[in-house]
Amino acid sequence: MFDHITHNYSPFSITWKRIVIFSLVLLTACSNDIEEVKKISEEFVSIEQGKEVEILFTEDAIPTIKIVAPTAVRYNADPPDLPYTSFPDGMKLYVYNEEGVLDSELSANEGKMTDNSDDLEVNGDVVILNIKGEQLNTENLTWNKIDKKIRSEGFVKILTDDEIIYGTGFEADENFTNYVIYNISGTVKVKNGEI
């Protein structure tokens, strides 16, 4: 049906068109300011992103820490606070004892784990529950996996079986079984765990 249609492309005309297009692209690319290029490259420092992520730390094949998050974004570059992993959609952290039994758990709205300092910083509605049933509430907390301590410089609230303790500044072991509140601002006694 289409036997009469023919195409006569000259290799020279195709090559010429490619050279013109390439030159236009090159000229357009060369017009970028160095600061603009730097800004664009900084926006794309993220090298990995994962969904439904689980990170497990072990010692002698026994789990010590597990992080579970719906999203994890890994950033890598030269500044001192990089590389780090961000958990922008919230996270949970589980701490296990020497036998691999769950001792405490932490949840937060977001987190950031920095490789250079071995710290995990969590923010927004931070809640820790320990094996004794005690609960800590704060807005910002730092956990160091080297010295195995958790700390907060902000307002904290601890709920135990018989009291609620309010204060500013806090330090505990990573299992949240032994802790110190630095500036206690008040306590409320409760009966039989009723608040």
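Guide: Begin with pLDDT, which is the predictor's confidence in each residue, from 0 to 100. This is a predicted model. The mean pLDDT of the protein is 79, and 72% of its residues reach 70 or more.

Visitor: Where is confidence lowest, and where is it highest?

Guide: Helix α1, residues 11-30, has the lowest confidence, with a mean of 50. Strand β9 has the highest, at 94. Over residues 1-14 the pLDDT is below 50, and this stretch has 1 contact in the model beyond near neighbours in sequence. Where pLDDT is low, the predicted coordinates should not be read in detail.

Visitor: What does the secondary structure come to?

Guide: The protein has 2 helices and 11 strands. Along the sequence the pattern is α-α-β-β-β-β-β-β-β-β-β-β-β. As for contacts, take those in the protein with a separation of 6 or more: residues 24 or more positions apart account for 36% of them.

Visitor: What share of the residues counts as buried?

Guide: Of the 195 residues, 33% count as buried. In soluble globular proteins, nonpolar side chains tend to be buried together. Here the largest nonpolar core has 28 residues.

Visitor: Which residues have the most contacts inside that core, and which elements give two or more residues to it?

Guide: The residues are Leu 93, Leu 141 and Phe 170. The elements are β1 (46-59), β2, β4 (91-96), β5 (102-108), β7 (119-130), β8 (135-144), β9 and β10.

Visitor: What does Leu 93 touch, not counting residues up to four places away in sequence?

Guide: Leu 93 touches Ile 65, Lys 66 and Ile 67, then Ser 104, Glu 105 and Leu 106, and also Leu 120 and Trp 143, with residues up to four places away not counted.

Visitor: Is Thr 64 buried or exposed?

Guide: Thr 64 has 17% relative accessibility and so counts as buried, since buried means under 20%. Thr 64 is placed in strand β2, residues 62-75. Leaving aside neighbours within four places in sequence, its contacts are Phe 57, Thr 58, Glu 59, Tyr 94, Val 95 and Tyr 96.

Visitor: How many aromatic pairs does a search of the whole structure find?

Guide: The search finds 5. A pair of aromatic rings is described by the distance of the centres and the angle of the planes. For Phe 155 and Tyr 166 the centres are 6.1 Å apart and the planes are at 25°. That pair is stacked, because planes under 30 degrees apart count as stacked.

Visitor: Where do Phe 155 and Tyr 166 lie?

Guide: Phe 155 lies in strand β9 (residues 149-159) and Tyr 166 in strand β10 (residues 163-173), so the pair ties together parts that are 11 residues apart in sequence. Elsewhere, ring pairs link Phe 170, Phe 176 and Tyr 179 into a cluster.

Visitor: Which rings have the charged end of Lys 66 or Lys 112 over them?

Guide: The charged end of Lys 66 sits over the ring of Tyr 94, 5.5 Å from its centre. For Lys 112 the ring is that of Tyr 84, and the distance to the centre is 4.4 Å.

Visitor: To what does the count of salt bridges come?

Guide: The count comes to 5 salt bridges. One of them joins Glu 134 and Lys 132, with the closest N and O atoms 3.7 Å apart. Glu 134 counts as buried at 11% relative accessibility, whereas Lys 132 is partly exposed at 46%.

Visitor: Which residues are linked in a network of salt bridges?

Guide: Asp 147, Arg 151 and Glu 171 are linked in such a network. Between Arg 151 and Asp 147, the closest N and O atoms are 2.9 Å apart. Arg 151 also meets Glu 171 in a salt bridge, at 3.3 Å from N to O. Arg 151 lies in strand β9 and Glu 171 in strand β10, so this pair ties together parts that are 20 residues apart in sequence.

Methods: Residues are numbered from 1 along each chain as its sequence is written. This is a predicted model: local features need pLDDT of at least 70, side-chain atom pairs count only at pLDDT 80 or more; totals for chains, interfaces and linings use all residues. Side-chain values use heavy atoms; hydrogens and water are left out. Rings of Phe, Tyr and Trp (its six-membered ring) pair if their centres lie within 6.5 Å; planes under 30 degrees apart count as stacked, over 60 as edge-to-face and the rest as tilted. Helices (H or I, at least four residues) and strands (E, at least two) are DSSP runs, numbered from the N terminus. A charge sits over a ring if NZ of Lys or CZ of Arg is within 6 Å of the ring centre and within 35 degrees of the ring normal. Contact means heavy atoms within 4.5 Å. A salt bridge is a side-chain nitrogen of Lys or Arg within 4 Å of a carboxyl oxygen of Asp or Glu. Buried means under 20% relative accessible area, exposed over 50%, partly exposed in between (1.4 Å probe, protein chains only). A nonpolar core is a set of buried Ala, Val, Leu, Ile, Met, Phe, Trp, Tyr and Cys residues joined through side-chain atoms within 4.5 Å.
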